[in-house]
Amino acid sequence: MSTQVQRDDALEDTAYISSSPIRNSTASMTAGNSAPEASGTFAEPQNPAYPAILPIPSPNAASVSSLAPRTLRNRYFHSRRLKDKDALQKPWLEKRDPREKWVTIIPVMGIIIGLSIAGVLVYNGITSVINHKYCEVLNEDWKDGFRDEIWTREVELGGYGNGQFEFTTPYEQNSYIGSDGFLHIRPTITDSSLILNDNVLNLTAEGICTSINPRDCVTQTSVRNGSIINPVRSARIHTKKSISIRYGRVEVRARIPEGKWLWPAIWMMPVNNTYGEWPRSGEIDIMESRGNSWKHKQGGNNIISSALHWGPDAAHDAWWRTNNKRGALHTTYAEKYHTFGLEWSENYLFTYVNSRLLQVMFVNFDVEGLWNRGQFPFTNANGTKYLDPWSQTGRRSTPFDQNFYLVLNLAVGGTNGWFENGVDGKPWVDGSPSAKKDFWEARGEWLKTWKNDGEMVIESVKIWQQCD
């Protein structure tokens with residue numbers, strides 16, 4: 001049997017595990033020790049030079065028990081206060097190192113120099129910012145309702161060059177001032193009777209088409225060939241007939257829609273095609289987005305983008321050289337209202353969201369001009385030489401040196417690649433003659449995703465003309 005060792009409260013235990021050979025040799029070397037009575041036991045040493053041994057249970061009953069010797073340690077660390085303070089020597093106070101003062105002087109000088117440099121940089125930064133004078137030309141808060149003298153509803157169904165699926169209407173069902181006092185652009189489903197049966201929709205005959213192109217005013221449903229009338233109705237409004245600016249600022253406070261295949265946009269177009277047809281005379285996209293969720297590969301309503309469109313023809317639109325995106329921080333642009341802005345001068349143009357400090361896109365109009373910046377090919381696909389339509393003006397911002405007007409719209413779908421094929425369960429294929437029909441037949445899937453009826457809501461519109 002093992003001998004029980006009483007714990008001494010004045011000692012702290014430290015244990016180690018000894019191997020069997022060491023235990024056996026220790027037992028044999030200790031005078032007066034008796035042999036173990038049984039396996040796993042060990043007789044207490046009688047030599048006072050050895051501390052008491054406390055057996056540790058063995059994990060294996062067949063093996064010899066492990067032993068943990070106890071070691072002695074001082075219990076307290078004693079400190080004493082000197083009664084004679086003069087007895088404590090402080091040689092460092094008797095003679096100071098003459099270099100010691102630089103330990104303080106050098107850091108202080110560094111801080112002073114650093115603050116001086118920072119002050120100069122801040123001053124140069126502030127004084128280098130050009131603060132233009134702006135004159136307000138529009139402050140639209142919808143308190144006076146939808147003012148026809150300011151806003152024009154475009155009425156077309158030709159897809160606006162993008163193969164869009166909506167028919168933009170003059171009806172208040174699709175653009176109206178709500179009970180909240182804001183402008184609502186609401187997409188609605190076309191009456192199924194116009195789609196399931198042979199029908200013709202002729203806006204010119206109704207006297208409401210705003211396009212001079214007949215293709216933008218007439219469409220039909222043909223059960224035989226699979227074509228259908230535009231499956232969705234929406235709205236597109238602009239200020240072309242009332243307000244335009246050449247250089248200035250624009251701010252539109254709005255909440256973009258949430259729902260699959262919705263395409264909200266705030267943008268500007270030239271009043272006159274001074275340098276030719278699109279995109280030779282330019283286009284300014286302040287904000288574009290998609291109503292799809294943030295999981296959409298190309299970015300949903302958590303992403304907005306800005307771009308400038310410019311080039312000698314549609315095949316060589318250099319928008320990709322002046323394009324950028326900005327994501328919402330831990331939210332989406334459909335959750336609440338945001339201010340989408342533009343600042344535009346003869347030297348630069350930038351867009352922003354909520355603050356001029358949160359820029360989306362910045363374009364500096366270089367001295368070389370946009371024609372050289374675009375690096376366009378020498379000829380078009382037919383072998384015709386491209387002529388520079390801009391440099392003769394002597395202005396580096398050309399074609400963005402003319403009056404532009406504001407456009408607000410909510411498109412639905414399209415076949416120009418804005419919604420990539422095969423992404424997010426897209427039910428149609430760009431280029432397919434049945435694209436609109438395929439989209440319509442999948443309405444059970446996308447219509448239920450249109451939160452708040454898929455509306456784009458505009459709280460206010462402000463436009464300033466640069467007037468210095």
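This is a predicted model: local features need pLDDT of at least 70, side-chain atom pairs count only at pLDDT 80 or more; totals for chains, interfaces and linings use all residues.
Residues are numbered from 1 along each chain as its sequence is written, and side-chain values use heavy atoms, with hydrogens and water left out.

We can begin with the cysteines. A disulfide is a covalent bond between the sulfur atoms of two cysteines; the criterion applied here is a pair of cysteine sulfur atoms within 2.5 Å. Two disulfides were found in a search of the whole structure. Cys-209 is joined to Cys-217 with an S to S distance of 1.9 Å, and this disulfide is left-handed because the torsion about its S-S bond is about -70 degrees. The other link, between Cys-135 and Cys-467, has an S to S distance of 2.0 Å and is right-handed, with 90 degrees about the S-S bond. Since Cys-135 lies in strand β3 (residues 134-140) and Cys-467 in the segment after β22, this pair ties together parts that are 332 residues apart in sequence. Helices (H or I, at least four residues) and strands (E, at least two) are DSSP runs, numbered from the N terminus. Cys-135 is partly exposed at 30% relative accessibility, and Cys-467 is likewise partly exposed at 29%. With the bonded cysteines numbered in sequence order, the pairing reads 1-4, 2-3.

Glu-455 sits in the loop between α8 (443-446) and β22 (456-466) and is buried, with a relative accessible area of 6%. Its side chain makes a polar contact of 2.6 Å with the side chain of Tyr-176 and another of 2.7 Å with that of His-184. A polar contact is a pair of N or O atoms within 3.5 Å; within protein, one must be able to donate a hydrogen and the other to accept it, and residues adjacent in sequence count only if both atoms are side-chain atoms. Leaving aside neighbours within four places in sequence, Glu-455 is in contact (heavy atoms within 4.5 Å) with residues including Ile-185, Arg-186, Arg-255 and Pro-257.

Finally, Arg-373 belongs to helix α6 (residues 369-374). Beyond its neighbours within four places in sequence, Arg-373 is in contact with several residues, among them Trp-310, Arg-321 and Asp-366. From C-alpha to C-alpha, Arg-373 and Ala-318 are 9.3 Å apart in space and 55 residues apart in sequence.

Note on methods: Buried means under 20% relative accessible area, exposed over 50%, partly exposed in between (1.4 Å probe, protein chains only).
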